[in-house]
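Thank you for asking me to look over this model before you take it further. My comments are set out below as numbered points.

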Amino acid sequence: MNRTETGAPIRLLIVDDHPVVRDGLIGMFAADPGFEVLGEAGDGAEAVRLAQELGPDVVLMDLRMPGTDGLTAITELARRGIPVRVLVLTTYDTDSYVLPAIEAGATGYLLKDAPREELLRAVRAAAAGQAVLSPAVAATLMNRVRTPETGPLSQRELEVLQLVAAGRTNRQAAAGLFITEATVKTHLLNIYAKLGVGDRAAAVAEGYNGGLLTPTRPGR
């Protein structure tokens with residue numbers, strides 16, 4: 001049972017390299033009894049350290065920061081298996097920012113011009129494990145699905161395909177890769193488009209036929 005179901009305050013770590021932005025966010029969430037701000041960080045390395053130390057439910061993460069950026073921090077949080085939801089809060093909504101962040105494991109992606117109530121709802125949803133996207137970001141992803149990227153599968157897409165070939169469900173694949181089910185579904189859509197198939201079974205078959213997957217020997 002998550003904290004949104006028990007009624008306990010949602011514990012937050014706020015990460016942004018601008019102190020004025022951090023102060024504003026801390027003040028906003030501190031004024032609502034449904035949230036507890038555990039700490040703040042000015043770069044990604046400090047965010048990872050504090051997330052491991054404090055155990056927040058949600059990390060509100062900026063992307064562009066000096067030193068260790070937000071994308072690197074999201075990737076490191078997933079690599080370490082730190083059980084925290086990451087909600088990106090940034091000013092950038094282009095493919096080059098949105099897709100890598102979601103691929104790395106971000107639960108949601110909001111823009112800094114989001115109204116206060118939208119941000120509060122987004123953090124609650126993220127704490128509950130729900131994918132959260134601002135309208136502009138959702139449009140960016142829809143455009144990518146409609147005009148999918150071509151070319152070879154990315155390393156993460158290969159990992160997803162391998163897990164699907166092993167019989168994992170979307171939920172199991174998400175747990176194994178420390179990403180959300182929504183992210184797994186996005187990867188699958190990209191895989192289908194790149195391989196020219198329409199479902200999981202066909203993607204796996206094409207993966208074997210194309211040498212992307214290696215058959216497991218009996219007894220192994």
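This is a predicted model: local features need pLDDT of at least 70, side-chain atom pairs count only at pLDDT 80 or more; totals for chains, interfaces and linings use all residues.

1. The largest pocket holds about 440 Å³ of space, and its lining is made up of 22 residues, among which I82, P83, V84, R85 and T107 lie nearest the centre of the pocket.

2. Two or more residues of that lining come from each of α4 (70-79), β4 (85-90) and α9 (170-177), and it is α4 that supplies the largest share, namely three residues. Sorted by class, the lining of the largest pocket comprises 14 nonpolar residues, together with six polar and two charged ones.

3. Strand β4 deserves a separate comment, because five of its six residues are buried, which means that the strand is largely enclosed by the rest of the structure; buried is used here for a relative accessible area under 20%.

4. On one pairing, β4 runs parallel to strand β3 (residues 58-61), to which it is joined by four bridges, with M61 standing opposite V88 of β4. The chain passes from β3 by way of α4 to β4, and the β-α-β crossover made in this way is right-handed.

5. Strand β4 also pairs with strand β5 (residues 108-111), again in the parallel sense and over four bridges, and in this pairing L89 stands opposite L110 of β5.

How values were computed:
Residues are numbered from 1 along each chain as its sequence is written. Side-chain values use heavy atoms; hydrogens and water are left out. On a 1 Å grid over the protein atoms alone, a cavity is a set of points where a 1.4 Å probe fits but cannot get out, and a pocket is an open set with protein on both sides within 12 Å along at least five of seven lines; lining residues have an atom within 4 Å of a point. Grid points are joined across faces, edges and corners, and a volume is the space filled by probe spheres set on the points. Ala, Val, Leu, Ile, Met, Phe, Trp, Tyr, Cys and Pro count as nonpolar, Asp, Glu, Lys and Arg as charged, and the others, Gly among them, as polar. Buried means under 20% relative accessible area, exposed over 50%, partly exposed in between (1.4 Å probe, protein chains only). Two strands pair if DSSP finds at least two bridges between them. A crossover is right-handed if, with the strands pointing away from the viewer, the path from the first strand over the helix to the second runs clockwise.
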